[in-house]
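Please read it with the coordinates open.

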Amino acid sequence: KVVADTMRDYIANFFGCESCQQYFLGMYDSCGFNHCRRFKQPKSLPPPESWSQFALWLWEVHNDINVKLLEAESSRMGTVASKQKLELAVWPSSESCSSCKDQYGKWNSDAVLSQLKKQYWPGGVQNFRYIVLKKKDRKEEESSGYAELLENLFFLAFSAGIVMWCVKKQHINFTGRHKKYEQDYV
C-alpha cells in the first residue's frame with residue numbers, strides 16, 4: 001500500500017502527460033483495479049504475495065492506459081481502434097507469451113507474473129532487503145524499532161546541522177561579511 005501511495009504521489013507531482021496524470025489519479029483515488037482490497041496493509045510484515053499483486057496491478061493499469069490512449073487517438077482522427085490495434089496496445093503480446101491468455105482471451109495472472117519476472121528481473125531479485133522471507137518475532141521487532149529510532153534521530157540532527165550551516169552561509173553572503181578588506185591585511 002505504501003509503495004502504491006508513493007507512486008500515486010509521484011505521478012500527481014511529477015508526471016509530464018497531464019491527461020495521463022488525471023486519468024491515473026482518478027482511477028487510483030476511486031480504487032481502480034480493486035487496489036484498495038488488494039493492497040491492504042497488515043499490521044505485521046506483508047506476505048510475499050502482496051508484491052505479486054502490486055506487479056500485476058501495475059501491469060493492469062499500464063495496459064488500461066495504453067488502450068485508453070489508443071482509443072483517444074483514434075477518436076481524434078475520427079476512427080475506431082481496430083481489435084488488432086487494441087491487442088497490440090496491451091502487453092505481453094501473444095507472440096512473446098503464448099500462455100498468458102487462455103483460448104477464450106482471459107489473462108492467466110500466474111503466467112503474466114512469470115513473464116513480468118522474466119522481462120524485468122531476468123537474474124532474479126538482486127536486493128534481498130525487499131523480499132519478505134519470514135515473519136520476525138516480537139523481540140526482533142522491538143529491538144529494530146529502537147535502532148530505527150536512533151538512526152532517524154541521527155539523520156534528523158545531521159540534516160538540521162546542514163540546514164543551519166547553509167542558512168549561516170547564505171546570511172554571511174547576503175550581509176557581505178565574506179568579503180575581505182585591505183584593512184584586514186594591514
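1. Surface patch. Patches are made of residues with over 30% relative accessible area and no salt bridge, where like charges are joined within 9 Å and nonpolar side chains (Val, Leu, Ile, Met, Phe, Trp, Tyr) within 5 Å. A salt bridge is a side-chain nitrogen of Lys or Arg within 4 Å of a carboxyl oxygen of Asp or Glu. Accessible areas come from the Shrake-Rupley method with a 1.4 Å probe, and for residues only the protein chains shown count as cover. On these terms L149, L150, L153 and L156 make up a nonpolar surface patch with about 380 Å² of accessible area together. L156 belongs to helix α7, residues 138-175. Its relative accessibility is 54%, so L156 counts as exposed; the classes are buried under 20% relative accessible area, exposed over 50%, and partly exposed in between (1.4 Å probe, protein chains only).

2. Basis of the values. This is a predicted model, in which local features need pLDDT of at least 70 and side-chain atom pairs count only at pLDDT 80 or more, while totals for chains, interfaces and linings use all residues. Residues are numbered from 1 along each chain as its sequence is written, and side-chain values use heavy atoms, with hydrogens and water left out.

3. Overall make-up. The protein has 7 helices and 0 strands. Helices (H or I, at least four residues) and strands (E, at least two) are DSSP runs, numbered from the N terminus. Of the 186 residues in the protein, 20% are buried. The protein exposes about 14,900 Å², and carbon and sulfur atoms supply 58% of that area. Contact here means heavy atoms within 4.5 Å. Among contacts between residues at least 6 apart in sequence, 51% join residues at least 24 apart.

4. Nonpolar cores. A nonpolar core is a set of buried Ala, Val, Leu, Ile, Met, Phe, Trp, Tyr and Cys residues joined through side-chain atoms within 4.5 Å. The largest one has 11 residues: A4, I11, F24, L25, M27, Y28, F39, F54, W57, V61 and I65. Helices α1 (2-14), α2 (18-29) and α4 (49-76) are the elements that give two or more residues to this core. Leaving out residues up to four places away in sequence, V61 touches F24, M27 and F33. Another core, of 9 residues, lies apart from it, and C100, V112, L113 and L116 are among its members.

5. Disulfides. How many disulfides does a search of the whole structure find? The search finds 2, a disulfide being a pair of cysteine sulfur atoms within 2.5 Å. One joins C17 to C20, with S to S 2.4 Å. The torsion about its S-S bond is about 65 degrees, so the C17 and C20 disulfide is right-handed. C17 is partly exposed at 29% relative accessibility, whereas C20 is buried at 13%. The other joins C97 to C100, with S to S 1.9 Å. The C97 and C100 link is right-handed, with 80 degrees about the S-S bond. C97 is buried at 8% relative accessibility, and C100 is buried at 1%.

6. Q115 lies in helix α6, residues 109-120. Is Q115 buried or exposed? Q115 is buried, with a relative accessible area of 8%. Neighbours within four places in sequence aside, Q115 is in contact with W91, P92, S96, C97 and C100. S99 sits in the loop between α5 (83-89) and α6, and is partly exposed with a relative accessible area of 45%. Residues up to four places away in sequence not counted, S99 touches N108 and A111. S99 and D110 are 11 residues apart in sequence, with their C-alpha atoms 9.4 Å apart.

7. Salt bridges. The count comes to 2 salt bridges. D9 meets R8 through their side chains at 3.7 Å, N to O, and D9 is partly exposed at 40% relative accessibility. The side chains of D29 and R8 also form a salt bridge, at 2.9 Å, N to O. D29 lies in helix α2 and R8 in helix α1, so this pair ties together parts that are 21 residues apart in sequence. D29 is partly exposed, with a relative accessible area of 48%. Through shared partners, salt bridges join R8, D9 and D29 into one network.
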